[in-house]
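Hi there,

Here is the structure I promised to pass on. Have a look at it first, and then read my notes below.

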Amino acid sequence: MSFVLKENDAAQIDGDPQQEPPSFIVGRDGDDHWIVVETHGLCGGIFVDEAAAMRYARAESRGRPDAIRLAPSLLVLNMEARSGLRARR
């Protein structure tokens, strides 16, 4: 499973899941669904509204205030391969 940020100047967001605590990005996809992705590609989902997406991200991050970021652009959910979160060029 991989997640792609649609932003030309974004650098690849990737890290070692063993070294870093889970962090989440919340945003919308091209079909206006709410998406949550864990930055290592370990978990995430599609949600009916922003409140549900934020609730999931808060629960999974155990309330760490710095663990959730809003996506600066559209998110793309790609279920083909597990390659983490990458910027689309």
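**What I found**

In the pairing of the strands, Trp34 has Phe47 of β4 standing opposite. Strands here, like helices, are DSSP runs numbered from the N terminus, with at least two residues (E) for a strand and at least four (H or I) for a helix. Two strands count as paired if DSSP finds at least two bridges between them.

Before going further, please keep in mind that this is a predicted model, where local features need pLDDT of at least 70, side-chain atom pairs count only at pLDDT 80 or more, and totals for chains, interfaces and linings use all residues. Residues are numbered from 1 along each chain as its sequence is written, and side-chain values use heavy atoms, leaving out hydrogens and water.

**The sheet and its helix**

Four strands make up an open sheet with mixed pairing, in the order β4-β3-β2-β5. At its edges lie β4 (44-47) and β5 (68-70), each of which pairs on one side only. From one strand to the next, the twist averages 20°; axes are lines fitted to C-alpha atoms, for helices over the stretch in contact, and angles run from 0 to 180 degrees between N-to-C directions. Helix α1 (residues 50-60) packs on this sheet and touches β2, β3, β4 and β5, contact meaning heavy atoms within 4.5 Å. The direction of α1 makes about 175° with that of β2.

Strands β3 and β4 run antiparallel and are joined by four bridges. Their hairpin has five residues between the strands, and Gly41 takes a positive phi near 75° there. In β4, Gly45 and Phe47 belong to the covered face, while Gly44 and Ile46 belong to the uncovered one. As a general point, side chains in a regular strand alternate between the two faces of the sheet.

**Two residues with positive phi**

Most residues other than glycine have a negative phi. Asp32 is not a glycine, yet its phi is positive, at about 70°. Asp32 sits in the loop between β2 and β3. With 49% relative accessibility, Asp32 counts as partly exposed (buried is under 20% relative accessible area, exposed over 50% and partly exposed in between, with a 1.4 Å probe and protein chains only).

Arg62, in the loop between α1 and β5, also has a positive phi, near 55°, without being a glycine. Arg62 has a relative accessible area of 75%, so this residue is exposed. Although Arg62 and Pro22 are 40 residues apart in sequence, their C-alpha atoms are 9.4 Å apart in space.

**Salt bridges**

How many salt bridges does a search of the whole structure find? There are two, taking a salt bridge as a side-chain nitrogen of Lys or Arg within 4 Å of a carboxyl oxygen of Asp or Glu.

- Asp32 pairs with Arg28, and their closest N and O atoms are 2.6 Å apart. Arg28 is partly exposed, because its relative accessibility is 32%.
- Arg64 and Asp66 meet through their side chains at 3.7 Å, N to O. Arg64 is partly exposed at 25% relative accessibility, whereas Asp66 is exposed at 60%.

Best wishes
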